[in-house]
Amino acid sequence: MVKICCIGAGYVGGPTMAVIALKCPEIEVAVVDISTPRISAWNSDHLPIYEPGLDDVVKQCRGKNLFFSTDVEKHVAEADIVFVSVNTPTKTQGLGAGKAADLTYWESAARMIADVSKSDKIVVEKSTVPVKTAEAIERILTHNRKGINFTILSNPEFLAEGTAIADLFKPDRVLIGGRETPEGQKAIHALRDVYAHWVPVDRILCTNLWSAELSKLAANAFLAQRISSVNAMSALCEATGADVSQVSHSIGTDSRIGPKFLNASVGFGGSCFQKDILNLVYICECNGLPEVANYWKQVIKVNDYQKNRFVNRVVSSMFNTVSGKKIAILGFAFKKDTGDTRETPAIDVCKGLLGDKAKLSIYDPQVSEDQILRDLAMKKFDWDHPAHLQPLSPTSNKQQISVVWDAYEAIKDAHGICIMTEWDEFKNLDYQKVYDNMQKPAFVFDGRNVVDVKKLREIGFIVYSIGKPLDAWLKDMPAVA
Ligand SMILES: NC(=O)C1=CN([C@@H]2O[C@H](COP(=O)(O)OP(=O)(O)OC[C@H]3O[C@@H](n4cnc5c(N)ncnc54)[C@H](O)[C@@H]3O)[C@@H](O)[C@H]2O)C=CC1
Ligand SMILES: O=C(O)[C@H]1O[C@H](OP(=O)(O)OP(=O)(O)OC[C@H]2O[C@@H](n3ccc(=O)[nH]c3=O)[C@H](O)[C@@H]2O)[C@H](O)[C@@H](O)[C@@H]1O
């Protein structure tokens, strides 16, 4: 029986391995992690991450050919194929701080693999890593090889949160990069055989190591660039009276552009886009390519601009101050159908409003109070470390923040509403009831373009919706970022 071990039971390791176990009943899959609470949760009825369809997949395989364990060394020693899916955060100190990837967790995993292995292994980079990382990992693995052969592959993951199971069941492609040597090619075939259980072979792309590593960074950069492009257009739409949804639709019908990923928003969030672009920028700089670095840096700058622009719009619309005013924050996760808050634009917007002394009442159907308070208190990039290495109880400004478990509760007596996540329930709120329970004038700032602007204006709201023609009220209150 082939044995797979995955180091890192997170958003990628957990769902990816659960799907491999489901689709390959004859393979034994162990997912290991240094975090005891995370592994306990994987073994319980309350999985550590919220992802539609995941519970079902885990329940079908757990205890049969899918195991979650903290016994990292045992499972690594027994495995034929070891996936490494640990955190690769942005460095916060030293050389490359604020840009380069911090490979501490990857390096410690590689050293441990080298130390405990007693048989040949294929080691798979599942984490997103800088191009050329495989070279460094190979050196670590072979420093003390004791006659054991390690073959390294790059197999980056392209799933998106909220649709992870669907993406894993039916991926656009699976990418496997390896050395162009007989051992490298043999390892590629072994991993291809795993995916070929359910992925059509023409969707399994095999490349050299560096192309696979770089393709992952490139894919995220291209995706994020699309959002920054449409968000840049949204600012121009607001200035000219064009409607960004109509512009997106018009350009998206060109088959060379395509309709997906053109929704204007308050800005992109999530654990990877910013981190991976910063990493790409750093790699370009290190390779003497400042123009290329600056090109990609602009994607992040426009994203920051969009979040600032939103905050400024809220403050300027409400008579240039939100001091002491209650603002309801609807949604905190970085997108719908996930409880993940890593780099969510809601953090920046809330911090901006708190800076102007607003009182926030926050509601998200999947995010706990503890998580929200931690997020609003944590320093930039601290979130992307294993849970037990994060600051224990960062303090946030609790007098200004309340977290509630119902949208109507959040809205009660509020002066304004900011929609930060496109949860379906925010489309279907009883907005007449909402209006009746708010202070007047009642403002809605829709950062996700989910509300029916016309209907809300008829009720009496002053509505700001990203990239849409401005309410007469807002026209006289320009918000510069
Ligand atoms: N979250 C996402 O949607 C995607 C993430 N990625 C990449 O996958 C990698 C992992 O991301 P996530 O799963 O989101 O992170 P995560 O933070 O959810 O999971 C990483 C896990 O690794 C564990 N860990 C760290 N060092 C370890 C060690 N030495 N031994 C055992 N366990 C260790 C941590 O405790 C944590 O549970 C990152 O490189 C990320 O860029 C790639 C595609 C999608
Ligand atoms: O490497 C990763 O971590 C993953 O990053 C993204 O996935 P994810 O961040 O989970 O979610 P997306 O659907 O890409 O959304 C990212 C952010 O962009 C925003 N977004 C997305 C699409 C859009 O049109 N407009 C927009 O503002 C979302 O609301 C969200 O805040 C990529 O889509 C995945 O392919 C990749 O594997």
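**View 1. The overall size of the protein.** The radius of gyration is taken over C-alpha atoms, and the rule for a globule is 2.2 Å times the number of residues to the power 0.38. Because the protein has 481 residues, a compact globule would have a radius of gyration near 23 Å, and the 24 Å found here agrees with that. Keep in mind that this is a predicted model. Along the principal axes, the C-alpha atoms fill a box of roughly 75 × 45 × 45 Å.

**View 2. The fold and its contacts.** Look for 18 helices and 14 strands as you trace the protein. How much of the protein is buried? Buried residues account for 55% of the 481 residues. Now take the contacts between residues at least 6 apart in sequence: 76% of them join residues at least 24 apart.

**View 3. The surface and the charges.** The protein has an accessible surface of about 20,800 Å², and carbon and sulfur atoms contribute 52% of that area. There are 55 positive and 58 negative charges to find, and their mean positions lie 2 Å apart.

**View 4. Strands β9 and β10 side by side.** Here you can follow strand β9, residues 326–330, as it runs parallel to β10, with five bridges joining the two strands.

**View 5. A closer look at strand β10.** Is this strand, made of residues 359–363, mostly covered or mostly uncovered? Strand β10 is mostly covered, with four of its five residues buried.

How values were computed: Residues numbered from 1 in each chain as written. Chains lettered and ligands numbered in written order. Predicted model: local features only at pLDDT ≥ 70, side-chain atom pairs only at ≥ 80, totals over all residues. Heavy atoms only, no water. Buried < 20%, exposed > 50% of the residue type's maximum accessible area, 1.4 Å probe, protein only. Contact = heavy atoms within 4.5 Å. Areas by Shrake-Rupley, 256 points an atom, 1.4 Å probe, with all protein chains shown as cover. Lys, Arg positive; Asp, Glu negative; His and termini not counted. Charge placed at Lys NZ, Arg CZ, Asp CG, Glu CD. Pairing = 2+ DSSP bridges.
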